[in-house]
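This briefing concerns the protein chain shown below. Its points are grouped by topic.

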Amino acid sequence: MQRAAGWITHQLTSIGFKNVEVMPTTGHPVVYGEWLGVPNQPTVLVYGHYDVQPVDPLNEWHTPPFEPTVRGDNIFARGASDMKGQVQAFLKAFESLAKNEGIPVNVKVLVEGEEEIGSPSLGAFIANHKDKLKCDVVLNADSGIMRPDQPSLVAGLRGLAYFELWVYGPKQDLHSGSFGGSVHNPAQVLCELIAGMHDANGHITLPGFYDDVRVLSDEERASLASESDERWREMTGVPQLYGEKGFTTSERLGARPTLEVNGMVSGFIGEGAKTVLPPKRWRKFRCVSCHIKTTCRWKRNCECTSHSMRRRRCAGN
């Protein structure tokens, strides 16, 4: 993490940014730099992050995750698209402008190292450095475009709340041959719970889930209608797309909340067989929300991270 922060510091300094520093937080450091060479022009604060998702499972990688490899038109490496590629893109854009006609506005750059875990230190960092970070507009580079030949303007991002749900049953493992049929298997209970969270139309059944979801205007729906389902199928590798009935794929991706299962564990999961009825089962899942104004509605027995543009740790509410 320190090496990644140091690399960005070196890049900003070599371009000509001033007051470049690696600033400590209670967690991973923030890299800051500024280009304030055009008085009476607006100041843009550019946001990015240098941390990445975990690399597991390693055996699924065709090349080492931290050795960038070019295959075809793409660079393959952990973080290439989230978001080391975007950081490199705006650094090179600033470098090009600085070497030619000059950067036409004032720029401040903030690159943090905790985005992938909900930015727990960023709120306090911003509060403690309000004067340093003062700007006219914030540009969040942590996104993408529809396709290489279609530049895109991102008007909103979905945030998320992440939960672990545990289901408890018997006090210890039970032999499924001896006890099966007499005890409600926690693994089965959890699968039933998960299955019941969506209806046949892909609609989320949790009470109040859609209460404060904004309705898209006709203009917004028209602007989202250009994306191709065929391209999305090709990119994901699935034969058929899925989602909430009554909305296009683009609308479901950018303007509707979803409920996704990120992992499930129960009982015996090693190689071979073990006839076990497990005492407990758990899963990781996330509620992805867009155009949501309320806080988390699941207020008991959980700790979640509100992972939106302003991220805050939410201890149960």
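Are Phe209 and Tyr210 buried or exposed? Both Phe209 and Tyr210 are buried, a term that stands for under 20% relative accessible area, with exposed meaning over 50% and partly exposed the range in between (1.4 Å probe, protein chains only). The model is predicted, so local features need pLDDT of at least 70 and side-chain atom pairs count only at pLDDT 80 or more, while totals for chains, interfaces and linings use all residues. Residues are numbered from 1 along each chain as its sequence is written, and side-chain values use heavy atoms, with hydrogens and water left out.

**Overall architecture**

- The protein chain contains nine helices and 14 strands; these are DSSP runs numbered from the N terminus, with helices (H or I) of at least four residues and strands (E) of at least two.
- Of the 317 residues in the protein chain, 34% are buried.
- Among contacts with a separation of 6 or more, 68% join residues 24 or more positions apart, where contact means heavy atoms within 4.5 Å.
- The accessible surface of the protein chain is about 19500 Å², and carbon and sulfur atoms hold 53% of that area; the areas come from the Shrake-Rupley method with a 1.4 Å probe, and for residues only the protein chains shown count as cover.

**Nonpolar cores**

- The largest nonpolar core comprises 20 residues, and those with the most contacts inside it are Phe17, Phe90, Phe94, Val107 and Val109. Such a core is a set of buried Ala, Val, Leu, Ile, Met, Phe, Trp, Tyr and Cys residues joined through side-chain atoms within 4.5 Å.
- Two or more residues of this core come from each of helix 1 (2–15), strand 2 (30–35), strand 3 (43–49), helix 2 (84–99) and strand 6 (106–112).
- A second, separate core of nine residues includes Tyr32, Leu45, Leu110 and Leu133.
- Leaving aside residues up to four places away in sequence, Val109 touches several residues, among them Leu12, Phe17, Val31, Phe90 and Phe94.
- Phe94 lies in helix 2 and is buried, with a relative accessible area of 10%.
- The C-alpha atoms of Phe94 and Ile15 are 7.4 Å apart, although the two are 79 residues apart in sequence.

**Aromatic groups**

- There are five aromatic pairs; rings of Phe, Tyr and Trp (its six-membered ring) pair if their centres lie within 6.5 Å, and planes under 30 degrees apart count as stacked, over 60 as edge-to-face and the rest as tilted.
- Phe209 and Tyr210 form an edge-to-face pair, because their ring centres are 5.3 Å apart and their planes stand at 75°.
- One aromatic cluster consists of Phe17, Trp35, Phe90 and Phe94.
- Arg71 lies over the face of Phe76, at 3.8 Å from the ring centre; the criterion is NZ of Lys or CZ of Arg within 6 Å of the ring centre and within 35 degrees of the ring normal.

**Cysteines**

- The structure has zero disulfides, defined as pairs of cysteine sulfur atoms within 2.5 Å.
- Cys135 is partly exposed at 28% relative accessible area, and Cys191 is partly exposed at 39%.

**Backbone geometry**

- Most residues other than glycine have a negative phi, and most peptide bonds are trans.
- The peptide bond from Asp56 to Pro57 is cis, with omega near -5°; Pro57 is in the loop between strand 3 and strand 4 (69–71).
- Asp82 and Met83 are joined by a cis peptide bond with omega about -10°.
- Asn40 has a positive phi of about 70° and is exposed, at 80% relative accessibility.
- Ser119 has a positive phi near 50° and is buried, with a relative accessible area of 1%.
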